Amino acid sequence: MSLDLSKRPATKPSVEFDLLAGGEIAFDRILRCIDEASRSIWLRCFEWRDDETGRELARALLRAADRGVAITILKDRVGMHYEYLAGSKQSFFHKKIGLLPRLQTWFLMAGYWRWGSLKQQPSPLADALTGHDRISVSHDQKRFDHAKLYVFDDERVILGGMGIGDDFRWTNVDFMVEISGAEAVRRLAERYEGREPFEPSRSFDYLLHSFQGGARHEGSLAAQRLALIGNALHRLTIEMAYLGDRACTDALVAAANRGVAVTLLTSARANIVGDLNLYTCDQILRRTRNAENLRIVLHPRMVHGKAIVVDGEWVDIGSTNFTPLSHGGYEELDLYCRDPELAQRVEAAIEDDIRDGTAARTTVPYRRVYAAVERLIVAYQSRVPRKRQSAT
C-alpha cells in the first residue's frame, strides 16, 4: 500500500466506527463517498461483477476521475473464477479467458457442482476505466488478495466482506465497516508498509496478511484471531461465511466446553464449500454434546459476513474466513478493535439475521463425499498462495 500521508491535513488522532450492515446500506455509503471524494480513491477488491452494481460503481469512479480525483484500483485476477461461477457470471475486467484459467474454472464448477459461464460480453465501462489518464488499474496479476477495501481522501476507510456485484448488494447477509479519521488511514499505511507491528492492546488496529511492503512475516493472522477466541470469558458471537479450518473449529469447541456462550451464524447452504461448512457445524455440535450454551443457526440466504464479537467489547470484522485458505495464504484485512458500542451494533445485527435462520439441533445433515471433495479443493487452492508466502 502506498498512501501519500505527507499531504494529508493535520487532524485530531481519533477515529469513529460505523457498521454498514447489509449490502444496500454499504453500497449506498460507498457510492456517496466516491461522489464526495475530492483528492484520491484507493480500492482493492477480489470480485467485481459486470452487473448493475458493478457498472454503477464504475460510472461513479469515472465521474470522480473526470472532476480530478486520482484513483487506484487493485483487482485480483484470482477472483475472476468466482465471477464466472456466481452472480451474473460476468466478470467486469476479465473478458479474455486463456486455456489454463478455463480449465481451472471448469475444475471449480465440477468440484462444487455449480455451472457458471465462460462466455463473456464486452464491457465499455471497463475499457473506459483502464483508459482514463487519472485512473490506475491493475487487474492482470494473481495477487491472492481477498481483501475488500476503499480509502477516500486519506481520511476514511471502508472494509469488510463484500465484493462488487448485485448478489453482494441485494442478496447476501454481509457487513462492511466505515472507519473515519485520518488516524485510521495512517495506521493502515503503517501496517501495510511494515513500519508497525500488530498491537492487540490498541483501541483499534488492523489484522492482515500481506505479501507487499514489509508486512510479510510479522506473525500469524490465524494465531491472533485464535487468541481472541481463546480469551473469551462470557460470550462469543460469530457470523462466518466459510468454515473448515480445524484450529478454528477446535477453538470454538474449547470455548463452548469451558462455558462461554457461543453463537455461530452461517448459511444453510453456502454457495461454495457448502457441505464442508455443514460438516464443521456437525462436528462442533457433536464435540460439545449439543451444549446448552452453544447456538448454531443456519440462514436460508448466503451468509457472506466475517465478524467475531468477544464479551460485548472486542470486534474482529473484515474479509477473513475460518478457512485454511484465508489463514494460510490469501491476503486478508480485518478491523480489530475494542469498542463496546460497535460490538453491540455488530451483535445486534447478527441477532437480526438470526431471526430468519433455523437453529441446528443435535446433528447437521451433510453429504460426506461432497464434504471430502470440498476439503481437497480447499487444500489444493491453498497450495499456491502458501508457496508464494514462503518465497517472499
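**Close-up views of cysteines and a helix pair**

The structure, a predicted model, holds zero disulfides.

**View 1. Cysteine 45 and the cysteine sulfur closest to it.** The closest cysteine sulfur to that of cysteine 45 belongs to cysteine 33. The two sulfur atoms are 16 Å apart, which is too far for a bond, because a disulfide needs a pair of cysteine sulfur atoms within 2.5 Å. Cysteine 45 has a relative accessible area of 3% and is buried.

**View 2. Cysteine 281, a cysteine in no disulfide.** The nearest cysteine sulfur to cysteine 281 is that of cysteine 248, at 13 Å. Cysteine 281 has a relative accessibility of 0%, so it counts as buried; the cut-off for buried is under 20% relative accessible area.

**View 3. Helices α1 and α2 where their axes come within 8 Å.** Helix α1 covers residues 23-36, and helix α2 covers residues 52-66. Their axes cross at roughly 20 degrees. That angle makes α1 roughly parallel to α2, because angles under 35 degrees count as roughly parallel. The crossing of α1 past α2 is left-handed.

**View 4. Residues in the contact of α1 with α2.** On the α1 side are Phe27, Ile30, Leu31, Ile34 and Asp35. They meet α2 residues Thr53, Glu56, Leu57, Ala60, Leu61, Arg63 and Ala64. What kinds of residue make up the contact of α1 with α2? Eight are nonpolar, one is polar and three are charged.

Terms used
Residues numbered from 1 in each chain as written. Predicted model: local features only at pLDDT ≥ 70, side-chain atom pairs only at ≥ 80, totals over all residues. Heavy atoms only, no water. Buried < 20%, exposed > 50% of the residue type's maximum accessible area, 1.4 Å probe, protein only. Axes fitted to C-alpha atoms, helices over the stretch in contact; angles between N-to-C directions. Helix = DSSP H or I, 4+ residues; strand = E, 2+ residues; numbered from the N terminus. Parallel < 35°, antiparallel > 145°, perpendicular 65-115°, else oblique. Left-handed = near helix turned anticlockwise from the far one by under 90°. Contact = heavy atoms within 4.5 Å. Nonpolar A, V, L, I, M, F, W, Y, C, P; charged D, E, K, R; others polar.
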